[in-house]
Amino acid sequence: MRFLHTSDWHLGRSFHRVNLLAAQRRFIDHLVATVRERHVDAVLVAGDVYDRAVPPLAAVELFDDALHRLADLGVPTVMISGNHDSARRLGVGAGLIERAGIHLRTDPAGCATPVVLADDHGDVAFYGLPYLEPALVREALGADGTGHTAVLRAAMARVRADLATRPPGTRSVVLAHAFVTGGAPSDSERDITVGGVASVPAEVFDGVDYTALGHLHGCQAITERVRYSGSPLAYSFSEARHRKSMWLVDLGPGGAVTAERVDCPVPRPLARIRGRIEDLLADPGLARHEDAWVEATLTDPARPHEPMPRLTRRFPHLLSLVFDPERAPEDPLASYAQRLRGRTDWQIAEDFVAHVRGGRGPDEAERAVLGAALDAVRAAETESAATRSPAAESPATGSAGAGSVGAASSSRKVAR
């Protein structure tokens, strides 16, 4: 059986102040053409269909168009909700849509109810595990812990139990939205850290012929049978070196896996340039980036006069301006933002406790309190996103990074 593994469409998202809807529409055209031309038997979408719980109307219309076109091809589609989606909203009408061959899996309670398709070698059971927020689903799944690993183990136990009832030789595919150990993240994924642990081991998915992962935006193979498709478009400058693609997977008899990358259309290349402003304006080696979307990091010791318009004259698609002045390590003005760069909420909270107590960090009991507090905030945000009315949403069409920030602040990041 041949299926196309994709994920993280993030319909409705923008790239800094650039609306990406036209690029996302072009990706859908490419997806449909690939399904038709490569004789695909099923399409898998491993979460984050939308960029936010209440997507803009144009994004909903594009999603609707994609479903109609896939249904017209007669190719079954299996998709799950991700941490950016509102599972309840995405799942509305799932029973009716299923009649057209579009199988939405947004309810954790249905994770062991597969979509069963058949080819010349027998049945293939596709199990959809929507994003599992531990604080919200651990009791319902009977998980024996509080983190992502525990709830995914519980969900996979249900999958294996159902698979054991299937005819011998039934092959299995799992769709999941998670951060699996060994995966390389980028700046554009929303943090899903719980209790200080964001990742789960790939062994959680043992016993399954193929696991189609979503959440991380870089296409990558954790193992031969556990893969991320990555996002079809770049959503942060940290993805400048990504090759955006989908996995075209052939699942043969006995569960043999053959995977091929199918490249996605690139609306415009990305470039990150760094140096003093006069060097960036004069360096002939940077001519190749003059048509790219550019992030420029200025290292001048003092902030240059009107850097944005000066740089834009050479790089008309400059979107992000970062200031990282060259200073001696002992300089008291060294950026606080630099010290926080790459740190998770959990690590920042622990560092703060150690700072105010003269270097003594939290003990185990205090770590439990911190973890519970972070979990509670995340659960409240997830529930709020699921029930928030469209009228309460910001009119913005998306954000450039993980979390909602204005276009001006996302395009001009100043390190203080």
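1. Searching the whole structure, which is a predicted model, turns up two cavities of 30 Å³ or more.

2. What lines the second largest cavity? Helix α6 (148-163) and strand β9 (171-177) each put at least two residues into the lining.

3. Now the helix pair. Helix α1 (residues 21-37) and helix α2 (residues 57-73) have axes that come within 10 Å and cross at roughly 10°. Angles under 35 degrees count as roughly parallel, and α1 and α2 are therefore roughly parallel to each other.

4. Who makes that contact? On the α1 side you'll find L21, Q24, R25, I28, D29, V32, V35 and R36, while α2 brings A58, A59, L62, A66, R69, L70 and L73. In class terms, the contact of α1 with α2 has 10 nonpolar residues, four charged and one polar.

5. A word on confidence before you set anything up. The protein's mean pLDDT is 87, and 85% of its residues reach 70 or more. Over residues 389-416, though, the pLDDT is below 50. In the model this stretch still has 59 contacts beyond near neighbours in sequence.

Key
Residues numbered from 1 in each chain as written. Predicted model: local features only at pLDDT ≥ 70, side-chain atom pairs only at ≥ 80, totals over all residues. Heavy atoms only, no water. Axes fitted to C-alpha atoms, helices over the stretch in contact; angles between N-to-C directions. Helix = DSSP H or I, 4+ residues; strand = E, 2+ residues; numbered from the N terminus. Parallel < 35°, antiparallel > 145°, perpendicular 65-115°, else oblique. Contact = heavy atoms within 4.5 Å. Nonpolar A, V, L, I, M, F, W, Y, C, P; charged D, E, K, R; others polar. 1 Å grid on protein atoms, 1.4 Å probe; cavity = no way out; pocket = protein on both sides within 12 Å on 5 of 7 lines; lining within 4 Å. Points joined across faces, edges and corners; volume = space filled by probe spheres on them. pLDDT = per-residue confidence, 0-100.
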